[in-house]
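Let's take a friendly walk through a protein model. Have a look at the picture first, then read on.

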Amino acid sequence: MDPVTDTTEDGDAFTKVTSKKSHKRKHEVSAMDTEGPRASKRPQFPPISSDQLRGPDEMRRIPVPAHRYTPLKENWLKIFTPIVENLQLQVRFNLKTRSVEIKTCQETRDIASLTKAADFVRAFVLGFQVEDALALIRLDELFLESFDVTDVKPLKGDHLSRAIGRIAGKGGKTKFTIENVTKTRIVLAETKVHILGSFQNIKMARTAICNLILGSPPSKVYGNIRAVASRSAERF
């Protein structure tokens, strides 16, 4: 590297030496400028046809207990219509296996329609109203959760009956209050508890029901779920 020499008015000469770091940095910048932008080559894939995306026909079978035969027969048209017209699926009730069978066909466009229809029928079989279960088809953020009362606390005899009575309340008042505050739907079937709603709302309802099973008074449970619901509403 050649030093640069400057001369002042008095004639005294001094040398100005450039640092190695600045020289190296300038060299890198000039090298980057000379290279220019590199064109990124993206792989080009041909579009997949609907037949390849769908694959072979799939079928789901939902068993129906004996006590749900009459409601299924009365509401069959309400169940049949959205599955066939909106989801483009095939559905039938198999008398031999006593189950509802749902199958994809050539008109089926969305591969997730089969799962939605199966969840819809399963929710109705568990005891939910058709209008409530229909939300599983319309919305993607809804889920079903089921658990047993004895999973929370091993109860027997009258203790188990009292725990179920605390969840329901007088005339179903406690259950309706939990449903309205947490924006869920709850079904009590003997010792089974089924909850339909979004993930966060199911969590709030499950916590309230578990506290009732463990022996908390309903007034305390009401206060807790209202506080949690108000905090979640402020957050969103």
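What follows goes from the whole chain to its sheet, its helices and a hairpin.

Residues are numbered from 1 along each chain as its sequence is written, and side-chain values use heavy atoms, with hydrogens and water left out.

The score pLDDT is the predictor's confidence in each residue, from 0 to 100. On average the protein chain gets a pLDDT of 83, and 78% of the residues score at least 70. Among the elements, strand S8 (residues 192–197) has the highest mean pLDDT, 95, while strand S1 (residues 4–7) has the lowest, 52. Where pLDDT is low, the predicted coordinates should not be read in detail.

**The whole chain**

The protein chain has 12 helices and 8 strands. These are DSSP runs numbered from the N terminus: helices are H or I with at least four residues, strands are E with at least two. Of the 236 residues, 31% are buried (buried means under 20% relative accessible area, exposed over 50%, partly exposed in between, with a 1.4 Å probe and protein chains only).

Which order do the strands of the open sheet of 3 strands have? The order is S3-S5-S4, with antiparallel pairing (two strands pair if DSSP finds at least two bridges between them). Strands S3 (59–63) and S4 (90–94) each have a single partner strand, so one side of each is left without a neighbour in the sheet.

S4 and strand S5 (residues 99–103) pair over 5 bridges, and Phe93 has Val100 in S5 as its bridge partner. In the loop between S4 and S5 you'll find Arg98, whose phi is positive, near 55 degrees. Most residues other than glycine have a negative phi.

Helix H4 (residues 76–86) lies across S4 and S5. H4 also packs with H5, their axes 11 Å apart. The axes are lines fitted to C-alpha atoms, for helices over the stretch in contact, and angles run from 0 to 180 degrees between N-to-C directions. Here are the angles:

| Pair | Angle |
|---|---|
| H4 and S4 | about 145 degrees |
| H5 and S3 | about 5 degrees |
| H4 and H5 | about 170 degrees |

H4 and H5 are therefore roughly antiparallel to each other (the word is used for angles over 145 degrees). Where they touch, Lys78, Ile79, Pro82 and Ile83 in H4 meet Ala117, Phe120, Val121 and Phe124 in H5.

**The hairpin**

Strand S7 (residues 185–189) and S8 also pair in the antiparallel sense over 5 bridges, with Leu188 opposite Val193 in S8. Between these strands there are 2 residues, and Glu190 has a positive phi near 55 degrees. Is Glu190 buried or exposed? At 72% relative accessibility, Glu190 counts as exposed.

Lys192, in strand S8, is partly exposed at 39% relative accessible area. Leaving aside neighbours within four places in sequence, Lys192 is in contact with Phe147, Asp148 and Val187. Lys192 and Leu126 are 66 residues apart in sequence, and 9.8 Å apart in space, C-alpha to C-alpha.

Definitions and conventions:
This is a predicted model: local features need pLDDT of at least 70, side-chain atom pairs count only at pLDDT 80 or more; totals for chains, interfaces and linings use all residues. Contact means heavy atoms within 4.5 Å. Angles under 35 degrees count as roughly parallel, over 145 as roughly antiparallel, 65 to 115 as roughly perpendicular and the rest as oblique.
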